[in-house]
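Trainee: Please take one part of this model and go through it closely. I would like to hear about the contacts between side chains, and where the residues involved sit.

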Amino acid sequence: MNTERIALIGVTLALVVGGLATLFAPTVLSGPGTAPAQAAATTAVGDGGLGSLFGIALWGVTLLFGATALVWFVLTGVVGAGYEAPPNEYGLDEIQVRIMTVDAAEVVQDTVDSLPEGLDDVHVIAESEIDVSGATVHVVPEEFACDAVRKGRAQEWARQALDPQREFVLYLDEDSIVESLDGLPDADIVQLREKPRLTGSNLSYLADIYRMGVQVEQRAFARLSIPLFAWGGGIAVRTEVEDETTWDRETLVEDTAFVWAAFREFDVTFALSDAVCRNEAPPSLYEIVQQRRRWAAGNLQASAMLPFRYELLTRVRNYAWALSPIVTLLVVPLSLLSVTIAYSGLFFVASMGLALCTLGWFLLGVGYYGDDHRRWALAVPLAPLITVIHSMGTVAGILSPPETFRVTTKVGSE
């Protein structure tokens, strides 16, 4: 069992056991004593020291999440302040499109149909024969071998087998409906924006709206020495940079690992585009947990290639997001029951401040979607539950990393 699992399990046990002890231990009610007559009675807890352990764990998690929130505010409000996508300098005729899939022909067809007319070099990279109109379909040969697995293996085969003769290769996932794209700026790696669309689960969709609010921090990535993550469902790479970096590495997050490798090994530039892809939100709670599980485990695994300060930041962010819902879910019920814990006044203010951050991120996500989605702001009372859904997969990724790449189920236009 690795250090991350031990730490997460230890903190969780301290919180759960300490919380139960604090709540259910024998209590002694005392009146105001020599205090003014109007003072309310207080609840003192006899918990055999578990309450102290509980308080220490709560403060630790709160400070961890608070530090992560502070870094987010610095990235978004200071480093990324005033960022605007650079103007396009390359037209659609300078882009080859590669759509990655296993065998989801109907889903891919919707993506191909969404491409603007100027994109005339469109390829589908699949694991088995499928029929798609408007694109050339390639099947990755079974005998092709490299260090990369699944999607990364298919991308590496495409890099070696296809001669784009274009300035950029644009990678799209099978469900990446292109909402707006009229060119690319002059950068080696161009990240397209994502707007997950509603599929089968309202809660999964709300969790992705919340994630879009958090991802406002992407505006700072072009000003960092290394972007903190990448989304492979819509990412354009200069052909020369792709050939130098390659996709040939074993990882569960081939997109982020590619960007980290490119920045580590070469002098490359990054830009966040205004172009938007409408990908699918996971259709069920099981699917969103598995998706976030792969992301968390893959990011932790790949972070070993980063400089120490970035590796530390990546790991701390993963732990913070995994534990972030705990403070609010424990503190609010106990406070409502008038149970005094961990210097309740100061701690309550700190925990409620972080709870307001989660509300703010959700509302930022609603604002990111625009006027047509303002009604989803009515779901803001569900924010604590939404953060739990968003974090469950991160917890699973730390405690039980997947051994293989798993494709999130897609439902298509139906």
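Mentor: There are 20 salt bridges in this structure, which is a predicted model. One of them joins the side chains of Asp120 and Arg166, with 3.3 Å from N to O. Asp120 belongs to the loop between α3 (105-114) and β5 (122-126), and Arg166 to the loop between α4 and β7, so this pair ties together parts that are 46 residues apart in sequence. Asp120 counts as exposed because its relative accessibility is 57%. Arg166, at 22%, counts as partly exposed.

The loop between α4 (150-161) and β7 (168-173) also holds Gln165. Most residues other than glycine have a negative phi. Gln165 is not a glycine, yet its phi is positive, about 50°. Its relative accessibility is 67%, so Gln165 counts as exposed. Thr246 is another non-glycine residue with a positive phi, here about 65°. Thr246 is placed in the loop between α6 (239-245) and α7 (254-265). Its relative accessible area is 17%, and because buried means under 20%, Thr246 is buried.

Back to the salt bridges. Asp208 and Arg211 meet through their side chains at 2.9 Å, N to O. These two are three residues apart in helix α5, so about one helical turn separates them. Asp208 and Arg211 are both buried. Another salt bridge is formed by the side chains of Asp371 and Arg374, at 3.1 Å from N to O. Asp371 counts as exposed, with 62% relative accessibility, while Arg374 is partly exposed at 44%.

Next come the aromatic rings. A pair of rings is described by the distance of the centres and the angle of the planes. The count here comes to 13 aromatic pairs. Tyr205 and Tyr369 make one of these, an edge-to-face pair with 5.9 Å centre to centre and 80° between the planes. Tyr205 is in helix α5 (residues 202-214) and Tyr369 in helix α10 (residues 344-369), so the pair links distant parts of the chain, 164 residues apart. Both Tyr205 and Tyr369 are buried. Tyr369 also pairs edge-to-face with Tyr368, at 6.0 Å centre to centre and 85° between the planes. Tyr369 has a relative accessible area of 6%, whereas Tyr368 is partly exposed at 21%. Over the face of Tyr368 lies Lys195, 5.4 Å from the ring centre. One aromatic cluster is made up of Phe65, Trp72, Phe73, Tyr210, Trp321 and Trp361.

Leu70, Val74 and Val78 form a nonpolar patch on the surface, and together they have about 280 Å² of accessible area. Leu70 is part of helix α2 (residues 50-79). With 55% relative accessibility, Leu70 counts as exposed. Helix α8 (residues 285-302), by contrast, is mostly covered, with 14 of its 18 residues buried. From its first C-alpha to its last, α8 reaches 26 Å, close to the 26 Å expected at 1.5 Å a residue.

Technical notes:
Residues numbered from 1 in each chain as written. Predicted model: local features only at pLDDT ≥ 70, side-chain atom pairs only at ≥ 80, totals over all residues. Heavy atoms only, no water. Patch = residues over 30% accessible without salt bridge, like charges linked within 9 Å, V, L, I, M, F, W, Y side chains within 5 Å. Areas by Shrake-Rupley, 256 points an atom, 1.4 Å probe, with all protein chains shown as cover. Salt bridge = Lys/Arg side-chain N within 4 Å of Asp/Glu carboxyl O. Helix = DSSP H or I, 4+ residues; strand = E, 2+ residues; numbered from the N terminus. Buried < 20%, exposed > 50% of the residue type's maximum accessible area, 1.4 Å probe, protein only. Phe/Tyr/Trp six-rings, centres within 6.5 Å; stacked < 30°, edge-to-face > 60°. Lys NZ or Arg CZ within 6 Å of the ring centre and 35° of its normal. Expected span 1.5 Å × (residues − 1).
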